[in-house]
Amino acid sequence: MTDSQASQVANSDSSSEEVAANMDKENVVLRVDDLVKSFGALVATDHATFEVERGTITGLIGPNGAGKSTLFNLISGFYESDAGRVEVNGTDVTDMEPYDIADHGLIRTFQTPRKLEGMTVREAMLVGPREQPGESFIKLFTDPESVRQREQQNLDDAEQILEDFEIDHLATQPATKISGGQLKLVELARAMLAEPEILLLDEPAAGVNPTLRNKLAEQIRRLNEQGTTFLLIEHDMEFVMSLADPVIVLDRGHVLMEGTPDEVQNDERVIDAYLGG
Ligand code: ADP
Ligand code: MG
């Protein structure tokens, strides 16, 4: 029996047409509806449907290859879906470019941070913020003071966030010279500078040492308390289970279940999915 046949059998056991996620949320910031993405014969995203409630840290877990990163790529506009719909704050962003989706308040980080050639950490930080008046050419002439103020504000915010993460000593380092763990922190810090409503983090703790990992968790909690919603992919179960509620489980591109960390950790289907993967 192939994997996909096995998954069909498993799904037919538990009424396959039922949506496994909780779709009864009151204040939805992100809605993913019946999303599909194939790479050749491989169905990486298989009718994924779920919602993220505003104000939550929602976990997204699943075995390696379950399609978590692909889902992030689809949601944030880096991949084009074959079918389905993505809504941010009720706006259909399915066919939008990443930059437009960011303007609607959804920012993501990458599992493998992008290379930031020729930039210092501080410069890399300043690539992030959206809606800078300096991007409007006319404003440079009509309102140079607001452009200058905004740039100074961005610089101050960048310094503050680097300090919060205790990586301000890296500000003048070439972004390509810092460690993998530090780069993950810079990615996160940079994303925060864009003041997202919802931030999608793809394995932020991977390759980050325990001390920095605790700082990372603290920062995520602090930002969440200040109003940022998080959708968090994480392989480190302790990290994700201590931060996230609810947790959504993805298996072979499909939402297997959603529940509290306790419910998820004690669910037979989830245990089977991890052992099978
Ligand atoms: P996860 O993040 O849950 O580990 P991924 O979303 O990275 O899983 O991958 C899901 C499946 O899709 C895997 O089998 C992977 O090899 C495949 N995949 C992901 N991206 C691509 C791509 N750009 N081209 C071909 N296959 C891909
Ligand atoms: Mg991944």
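Q: Taking a nonpolar core as a set of buried Ala, Val, Leu, Ile, Met, Phe, Trp, Tyr and Cys residues joined through side-chain atoms within 4.5 Å, how many residues has the largest one here?

A: The largest nonpolar core has 49 residues, and Phe165 and Ile220 are the ones with the most contacts inside it. This is a predicted model, in which local features need pLDDT of at least 70 and side-chain atom pairs count only at pLDDT 80 or more, while totals for chains, interfaces and linings use all residues. Residues are numbered from 1 along each chain as its sequence is written, chains are lettered from A and ligands numbered from 1 in the order in which they are written, and side-chain values use heavy atoms, leaving out hydrogens and water.

Q: What does Ile220 touch, apart from its neighbours within four places in sequence?

A: With those neighbours left aside, Ile220 is in contact (heavy atoms within 4.5 Å) with Ile57, Leu188, Leu201, Phe230, Phe239 and Leu243.

Q: What about a second core, which residues does it include?

A: A separate core of 26 residues includes Leu35, Phe50, Leu71 and Ile198.

Q: Switching to the whole chain, what share counts as buried?

A: Of the 277 residues, 47% count as buried, which means under 20% relative accessible area with a 1.4 Å probe and protein chains only. The chain has 11 helices and 10 strands, and among contacts with a separation of 6 or more, 69% are between residues 24 or more positions apart.

Q: Which residues line the largest cavity?

A: The lining, meaning residues with an atom within 4 Å of a point, consists of Thr109, Phe110, Lys184, Glu187, Leu188, Leu201, Asp202 and Pro204. Two elements, α7 (180–193) and β7 (198–202), each give two or more residues to this lining, and α7 gives the most, with 3.

Q: Is Phe110 buried or exposed, and where does it lie?

A: Phe110 counts as buried because its relative accessible area is 14%, and Phe110 lies in the loop between β6 (106–108) and α4 (121–125). Leaving aside neighbours within four places in sequence, Phe110 is in contact with Asn73, Phe78, Lys184, Glu187 and Asp202.

Note on methods:
On a 1 Å grid over the protein atoms alone, a cavity is a set of points where a 1.4 Å probe fits but cannot get out, and a pocket is an open set with protein on both sides within 12 Å along at least five of seven lines; lining residues have an atom within 4 Å of a point. Helices (H or I, at least four residues) and strands (E, at least two) are DSSP runs, numbered from the N terminus. Buried means under 20% relative accessible area, exposed over 50%, partly exposed in between (1.4 Å probe, protein chains only).
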